[in-house]
Amino acid sequence: MIPFLDLKAAYDELADELDHAVLRASRSGWYIGGPEVEAFENDYAEYTDSKYCVGVGNGLDALTLALRALDVGAGDEVIVPSHTFIATWLAVSAVGAIPVPVEPPSGSYNIDVEGIKKAITGKTKVIMPVHLYGIPADMDAICALAKQHKLYVVEDAAQAHGSKVRGKPIGSHGDVVAWSFYPGKNLGALGDGGAITTNDEAIAKRVRMLGNYGSEVKYHNLEQGVNSRLDPIQAAVLAVKLKYLDAWNERRRVIADTYNDQLNNSNLTLPRVPEWAEPVWHLYVVRSRQRETLQKTLTASGIGHLIHYPIPPHLQKAYQKLGLKQGSLPVAEQYANEVLSLPMGPQLDANLLQPVLEILNRFNLG
Ligand SMILES: *Cc1c(COP(=O)(O)O)cnc(C)c1O
């Protein structure tokens with residue numbers, strides 16, 4: 001049996017340090033905000049090459065609060081990828097704005113820059129790229145385009161902790177970068193967590209205020225905010241795990257290299273990485289026109305696998321009102337039918353992949 005991702009093994013590897021951090025936070029007497037949160041925010045700002053980091057409750061809140069901090073609201077259009085986890089779109093809808101989907105170019109999983117150009121209208125306010133599967137979007141091209149059209153850039157970096165574009169870490173290319181620390185992410189807490197990073201002090205202050213009931217001074221409310229904060233126990237856990245992030249991403253890279261080098265089956269399309277991108281392999285995603293056969297083969301052999309994602313946002317019931325019918329976004333629809341994520345994670349030994357590779361290389365249309 002090869003698990004898709006072994007979160008318990010990740011905990012076990014750092015158990016002593018994690019337990020110590022949780023105890024320290026528990027015994028500190030600070031249960032909201034305080035030194036553990038501040039320390040992690042400082043560490044993560046530094047890691048992401050950004051000036052400010054503000055912890056929030058989860059990744060969806062990070063995206064939503066980022067948009068609110070830029071005054072994005074009713075009537076505004078936000079350009080989003082057609083192929084993404086639905087949270088990207090939900091954040092746009094949560095502030096009353098309209099998600100305008102743009103397809104990936106064929107062969108890539110990230111938003112197409114030429115497609116963004118065509119989707120810009122007088123109502124566009126934000127471009128929202130997603131660094132899907134841990135492969136960064138072309139931030140230099142996207143930021144140049146945004147500057148030319150006076151648009152904001154909000155990055156969904158929920159799958160990209162540690163990835164780089166032309167040597168620069170994801171974290172401050174766009175105006176705001178939203179992070180999730182959901183347990184399964186490359187940097188995952190022992191529960192929910194999230195953050196934004198930015199180089200803009202005003203944006204950082206506003207996100208912190210909005211996530212704290214719209215208040216900077218207790219019981220003085222400047223805006224109708226929400227309660228969305230990173231809690232100190234999770235911050236203490238994340239500070240421990242951040243120290244291991246590069247090493248754990250490196251182990252993911254070894255697994256991805258093994259797949260890249262040794263998968264050899266014309267029924268499988270392997271991921272493509274632009275030469276300027278340093279991915280962190282949140283997921284290793286292949287495509288097959290025979291996905292059902294592939295799924296059955298893997299299940300029968302005890303090999304973990306998942307689909308990211310089986311239904312594109314525009315075909316979800318939640319987005320029926322947009323009126324984007326089947327066939328309207330063919331690349332996202334094709335990907336939803338063909339993608340499959342193989343076992344990947346820092347606790348997966350690349351040497352144990354031989355049986356997986358053999359099965360995948362033998363799998364055929366029959
Ligand atoms: C996980 C994820 C989110 C949402 O993060 P949560 O912490 O689960 O709210 C948003 N976007 C992408 C691309 C994700 O993978």
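This is a predicted model: local features need pLDDT of at least 70, side-chain atom pairs count only at pLDDT 80 or more; totals for chains, interfaces and linings use all residues.
## Helix α3 against helix α9

Helix α3, which covers residues 35-47, packs on helix α9, residues 232-262, at an angle of about 25°, and the two axes are 7 Å apart. Since angles under 35 degrees count as roughly parallel, α3 is roughly parallel to α9.

On the α3 side the contact is formed by Glu-36, Val-37, Phe-40, Asp-43, Tyr-44 and Tyr-47, while α9 contributes Pro-232, Ala-235, Ala-236, Leu-238, Ala-239, Leu-242, Leu-245, Asp-246 and Asn-249. Sorted by class, the residues in this contact of α3 with α9 are 11 nonpolar, one polar and three charged.

## Helix α2 against helix α9

Helix α9 also packs with helix α2, residues 15-28, at an angle of about 150° and with the axes 8 Å apart. Because angles over 145 degrees count as roughly antiparallel, α2 and α9 are described as roughly antiparallel to each other.

The contact of α2 with α9 comprises 10 nonpolar residues, one polar residue and four charged residues.

## Helix α4 against helix α8

A further pair is formed by helix α4, residues 59-69, and helix α8, residues 201-210, which pack at an angle of about 120° with their axes 9 Å apart. Angles of 65 to 115 degrees count as roughly perpendicular and those over 145 as roughly antiparallel, and α4 and α8 are therefore oblique to each other. The crossing of α4 and α8 is right-handed.

Leu-65, Ala-66, Arg-68 and Ala-69 of α4 make this contact with Ile-203, Arg-206, Val-207 and Leu-210 of α8. The contact of α4 with α8 holds six nonpolar and two charged residues, and no polar ones.

## The two domains

The chain is divided into domain 1, made up of 7-102 + 110-242, and domain 2, which spans 245-362. The C-alpha centres of domain 1 and domain 2 lie 24 Å apart, and 36 residues of domain 1 are in contact with 32 residues of domain 2.

Between domain 1 and domain 2 an area of about 2900 Å² is buried, and carbon and sulfur atoms give 65% of that area. Of the area that domain 1 buries against domain 2, Tyr-133, Ile-135 and Asn-186 supply 23%, more than any other three residues.

## Backbone features in two loops

Tyr-133, one of the residues named above for domain 1, lies in the loop between β4 (124-127) and α7 (139-148). Its phi is near 65°, which is a positive value in a residue other than glycine.

The peptide bond that runs from His-308 to Tyr-309 is cis, and its omega is near 15°. Tyr-309 is placed in the loop between α10 (291-300) and α11 (330-338).

How values were computed. Residues are numbered from 1 along each chain as its sequence is written. Side-chain values use heavy atoms; hydrogens and water are left out. Axes are lines fitted to C-alpha atoms, for helices over the stretch in contact, and angles run from 0 to 180 degrees between N-to-C directions. Helices (H or I, at least four residues) and strands (E, at least two) are DSSP runs, numbered from the N terminus. Contact means heavy atoms within 4.5 Å. Ala, Val, Leu, Ile, Met, Phe, Trp, Tyr, Cys and Pro count as nonpolar, Asp, Glu, Lys and Arg as charged, and the others, Gly among them, as polar. Domain bounds come from an automatic or database domain assignment. Buried area is the accessible area (1.4 Å probe) that two parts lose on being put together, summed over both. A crossing is left-handed if the near helix is turned anticlockwise from the far one by less than a right angle, and right-handed if clockwise.
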